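This report looks at how two chains meet in one model. The sequence and structure come first, then the description.

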Amino acid sequence: MASYTVAYEKSKSFFEAYERKAELQHQTHYCPGCGHGIVHKLIANAIDELGIQDRTILITPVGCSVFAYYYFDTGNIQSAHGRAAAVATAVKRARPDSIVLSYQGDGDLAAIGSAEILHAANRGEGITVIFINNAIYGMTGGQVAPTTLLGQKTTTTPFGRSEWNEGYPLKVAELLASLEAPVYIERVGLGNNKQIMQAGRAVRRAIENQVRGLGFSLVEVLSPCPTIWKLDPVDAQRRVREEMPKTFPLGVFRDRTKEAAARPRPPAPPPIAEIPRILSVANGLPRTKAESQRSTIQVDLRVKIAGFGGQGVLMLGEVLAEAGLDAGLEVSWLPSYGPEMRSGTSNCHVRLASRPIDSPLVSRPNALLALNEPSLDKFLTSVEAGGWVLYNGAALPDGCARADVHTISENFTQLADELGDSRAGNMVMLGALLEATGMLSGDSIRTALERLVKSQRWLEIDRQALGRGREVARRGGFHAS
Amino acid sequence: MSHDRSKPDRGRVELNSEECKGCGLCVEACPPKVLRLAGHLNRYGYHPVTCFTHGCTGCGICFFVCPEPGAIIVLRATALEAETLYA
Ligand code: SF4
Ligand code: SF4
Ligand code: SF4
C-alpha cells in the first residue's frame with residue numbers, strides 16, 4: 001500500500017470558512033469557471049511562500065471581487081469604486097512595513113479608477129497591483145468596459161464595440177510601462193495550465209518586489225468571465241488563450257527589478273506632542289469653559305446665514321461658532337455655496353447647543369440672517385415660529401412679513417459703510433443678533449474675533465461694527481436681559 | 001495514456017464535492033484524463049467532479065486551474081515508496 005503526502009491544498013492564507021452567508025461557507029461567490037478564484041489562489045500561494053500573511057493588507061475594489069475580503073485571512077480594506085490604488089498608497093505610506101496589494105478589475109481600475117492608477121504608478125508607489133482584465137463589466141451585468149475588444153458585443157454595444165464610437169481597447173500594461181517610475185509590469189493570461197503557472201510566477205514576483213522594498217509593480221491578468229461572455233468555462237478559457245492576446249499581447253513590459261534601488265522609506269511621523277506646534281496652536285488648543293461655568297440655560301440655536309458670496313456670510317458663521325466654542329457649547333458650522341466664490345449665493349448653517357448636535361444641517365432655523373432679498377425670499381418660511389429674522393434692508397419687502405417671528409430690518413451694509421468698509425456689514429448684523437437674543441457673552445465674542453481676525457485694523461473695524469449692531473437692536477426695542 | 005494498473009498511482013486527488021461548481025476546467029486540463037463530472041448534483045445544484053479511474057500522476061494541474069480554493073487536494077506517493085515502486 002503506497003502512502004501519500006499532500007502536494008497542493010487550500011492555502012493557509014485563506015479563511016477556513018467564509019462568513020459571507022450562513023450557507024455556502026466553503027464556496028466563493030464567483031461563477032463557475034471565473035478567473036477571480038484562480039488568481040485568488042495564486043496570490044494566496046505567493047503570500048504563503050513569502051511568509052508574509054501577517055503583514056499583508058489586501059485592498060479590494062468594487063466589482064465582482066468586492067467580496068475578496070471574505071476569503072483572505074489577511075488585513076483587508078474595501079475601497080470606493082476605482083480608488084483602490086489611492087487607498088493602497090495611503091496604507092503603504094502609513095505602514096511602510098506592510099505588504100499592500102491592490103486587487104482591481106478592469107471596470108474599477110481602467111474606467112473610474114484610471115486617474116488613481118495612473119498617478120500611483122507615476123509616483124512609483126511601493127505597492128503591488130493585481131489587475132484582472134476580463135474585457136467587460138461583470139457585476140453590473142455586462143456593459144462595455146475600456147478593455148472590451150473591438151467587435152465584442154456587450155449590453156451597451158449590442159452591435160459590437162466600434163473604434164469610432166467607444167474607442168480602442170485600453171492597454172493598461174503598455175500605458176503604464178510608458179511611465180518612468182514603475183519597476184515591474186507584466187501581462188499574463190489564464191488561458192491554460194501553462195499560462196496559469198506563468199501567472200503564478202508573475203504574481204509572486206510582483207509581491208516579492210514589494211518585500212524587497214522596490215517601487216510599483218503591476219500584473220495584468222487576462223481572465224475569463226464565462227457568465228457574461230455567455231460561454232461555458234472551457235470555451236471561455238479558450239477565448240482567453242486564443243483571442244484576447246491578439247489585442248492584449250502577453251509578456252513583460254517593464255522589468256527594472258535588478259537595477260532598481262529600494263524606495264526610500266517615508267520620514268517617520270512627528271511625535272504627537274509636536275503636533276500643536278506644527279499647527280501653530282503651541283499655547284494649547286482653544287480653551288473651552290469648564291462644564292461648571294456653562295450657563296444652565298439650555299441653548300439650542302439653529303442659525304441660517306444667507307447672502308451673496310463676498311458679503312461675509314461664512315465669516316459671520318465662523319465668528320458665531322468660534323464664540324460658541326469659547327462658551328463651552330457644542331458647535332457645528334456648515335458652509336454651503338455654489339461654484340462661484342464671488343456674487344454667487346452662499347449660505348451657512350451654524351448650530352450652538354448645550355447638548356450634542358445630531359446634524360449640522362439647519363433646515364428649520366430659529367434665527368435667519370438674510371443679507372439680501374433673494375435669501376429672505378428663499379428661507380423666510382422655514383423660520384420656526386418665535387424665531388428671529390434679521391434682514392439687511394430698511395424694511396421687509398412687501399408681502400414678506402410674518403407676524404409670528406421677531407424681525408429686525410436695517411440697512412446693515414450702509415451702517416458698515418459709515419464705519420469705513422461695507423464688508424463689515426456682517427459684523428453689524430451679528431451685533432444686532434447678539435444684543436437681541438442675549439446669547440453668548442461679550443467675552444466669548446471678543447475671544448472669537450481675536451482668534452479669527454489677524455489684522456489689527458480689521459479687528460478694530462469689527463469691534464466697532466458689533467457695537468453699532470447692538471445699538472440698532474436696542475433702538476428697535478430688542479434687548480434681552 | 002497507457003497505464004499499468006498493477007502499480008499504485010503516483011498521485012491521488014481528494015475532491016470536495018460540496019465546494020466544486022462543476023465548471024469542468026480540471027476535467028479539461030488533467031493530462032491523463034482521470035477526472036469527469038458526475039451525473040448527480042451536489043447540494044448547490046452542480047455536477048461535481050469525480051476521479052473515475054486510475055492513473056493520477058499527482059501533477060497538480062487540476063489544483064491550479066480550479067477556481068475554488070478548497071475543492072481539490074492533490075497528494076503524491078511519498079518519495080521513498082515512489083522510488084521503490086518505480087525503480
Ligand atoms: S460575472 Fe464574470 S467576473 Fe463576475 S463572478 Fe461571474 S464569471 Fe466572474
Ligand atoms: S493531479 Fe494531475 S493527474 Fe491527478 S487528477 Fe489532477 S490533473 Fe489529473
Ligand atoms: S475545476 Fe474545480 S470547480 Fe471546476 S469542476 Fe474541477 S473541481 Fe470543480
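In which sense do strand 1 of chain A and strand 4 of chain B pair, and over how many bridges?

## Strand pairing across the chains

The two strands run antiparallel: strand 1 of chain A pairs with strand 4 (residues 72-77) of chain B over 4 bridges. Strands pair here if DSSP finds at least two bridges between them. Opposite Tyr4(A) stands Ala77(B), in strand 4 of chain B.

## Basis of the values

This is a predicted model, in which local features need pLDDT of at least 70 and side-chain atom pairs count only at pLDDT 80 or more, while totals for chains, interfaces and linings use all residues. Residues are numbered from 1 along each chain as its sequence is written, chains are lettered from A and ligands numbered from 1 in the order in which they are written, and side-chain values use heavy atoms, with hydrogens and water left out.

## The interface

Contact (heavy atoms within 4.5 Å) links 34 residues of chain A with 36 residues of chain B. The buried area, meaning accessible area (1.4 Å probe) lost by two parts on being put together and summed over both, is about 3100 Å², with 60% from carbon and sulfur atoms. On the chain A side, Tyr4(A), Tyr8(A) and Lys41(A) lose the most area to chain B, together 25% of what that side buries.

## Chain B

Chain B has 3 helices and 4 strands, in the order β-α-β-β-α-β-α along the sequence. Helices (H or I, at least four residues) and strands (E, at least two) are DSSP runs, numbered from the N terminus.
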